[in-house]
Amino acid sequence: MGILKTITLSILFLLLTAAVSLSAALFSLEVLYYPDVYEKALEAGKVYTYLADQVGQQGFKISGPGTESEIKSTVNKLLGNLLSYVRSDTDTPDLKIDTGIAGKVDLLDVYDPDRNVEKARFVVDILEKAKYASVVLVFVLIGLMAVVSKSQAKDLSKKIGMALVTTGVLNIVLTYAGKFGTVELASRQLATLQFPISLTPIIAGIVNPLFDKIIFYNGMILAIGIAVVAVSILLKENKN
């Protein structure tokens with residue numbers, strides 16, 4: 001094998017590793033596009049209880065008597081509406097609430113007059129397109145490896161399998177380190193600040209599911225890589 005061919009294959013190997021990693025990360029981001037992860041995080045941080053107390057002290061009414069269950073229902077509905085818009089499932093964000101005093105208030109007018117939610121919608125749309133583009137890129141790189149190497153199926157499958165195994169193992173190790181490191185760093189930073197509620201369980205409730213999903217996808221990549229390497233071992237070498 002010529003040196004140019006070796007260098008080219010090495011570059012393609014690295015690009016394949018990067019493309020597979022990118023694909024896993026983009027698919028993992030989906031967990032942040034739906035309200036379930038945020039609802040659980042808010043529950044862990046006792047945000048619903050805090051809001052119910054604040055509403056009770058101010059004498060507001062939000063879609064009911066302002067009990068914790070009513071507050072939770074309202075907040076979850078708003079989250080669902082917001083994320084539905086960000087995912088482009090709906091054309092307009094419905095974030096209006098009935099305060100019972102000032103009538104209906106659009107929270108976007110109060111907290112997002114510049115409509116940054118539209119920018120978030122645009123970014124998510126780009127990420128969704130990039131997700132599928134990354135899968136196409138993976139197959140393109142595999143095809144290029146096949147063309148450049150001109151290897152037999154046995155040798156080519158071994159190279160691809162090793163790339164997937166390397167990607168899976170490396171990303172799982174890095175993600176585990178990032179998962180615990182991020183929450184620990186956030187806890188230390190937030191410990192110096194004064195908030196009426198604890199933000200650490202909220203951050204952990206959002207960050208951990210994302211990292212868990214990344215680990216899940218990379219576990220799949222690792223398993224596929226091992227299977228491909230196993231197939232390459234079983235394949236008979238063509239001597240013709």
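**Exercises on salt bridges and burial**

The count of salt bridges comes to 10. The model is a predicted one.

**Exercise 1.** Determine which parts of the chain the salt bridge between Lys131 and Glu30 ties together.

*Solution.* Step 1: the side chains of Lys131 and Glu30 meet at 2.2 Å, N to O. Step 2: Lys131 belongs to helix 6 (residues 116-149), whereas Glu30 sits in the loop between helix 1 and helix 2 (36-44), so the pair joins parts that are 101 residues apart in sequence. Step 3: Lys131 is buried, at a relative accessible area of 0%, while Glu30 is partly exposed at 27%. Step 4: Glu30 and Lys131 are also linked with Glu128 in a network of salt bridges.

**Exercise 2.** Classify Ser28 and Ile7 as buried, partly exposed or exposed.

*Solution.* Step 1: Ser28 lies in helix 1 (residues 3-28), and Ile7 is likewise placed in helix 1. Step 2: buried means under 20% relative accessible area; Ser28, at 0%, is therefore buried. Step 3: beyond its neighbours within four places in sequence, Ser28 is in contact with Leu210, Lys213, Ile214 and Tyr217. Step 4: Ile7, at 46% relative accessibility, is partly exposed. Step 5: Ile7 forms a nonpolar surface patch with Ile3, Leu4, Ile11 and Leu15, with about 530 Å² of accessible area together.

Terms used
Residues numbered from 1 in each chain as written. Predicted model: local features only at pLDDT ≥ 70, side-chain atom pairs only at ≥ 80, totals over all residues. Heavy atoms only, no water. Helix = DSSP H or I, 4+ residues; strand = E, 2+ residues; numbered from the N terminus. Buried < 20%, exposed > 50% of the residue type's maximum accessible area, 1.4 Å probe, protein only. Contact = heavy atoms within 4.5 Å. Patch = residues over 30% accessible without salt bridge, like charges linked within 9 Å, V, L, I, M, F, W, Y side chains within 5 Å. Areas by Shrake-Rupley, 256 points an atom, 1.4 Å probe, with all protein chains shown as cover. Salt bridge = Lys/Arg side-chain N within 4 Å of Asp/Glu carboxyl O.
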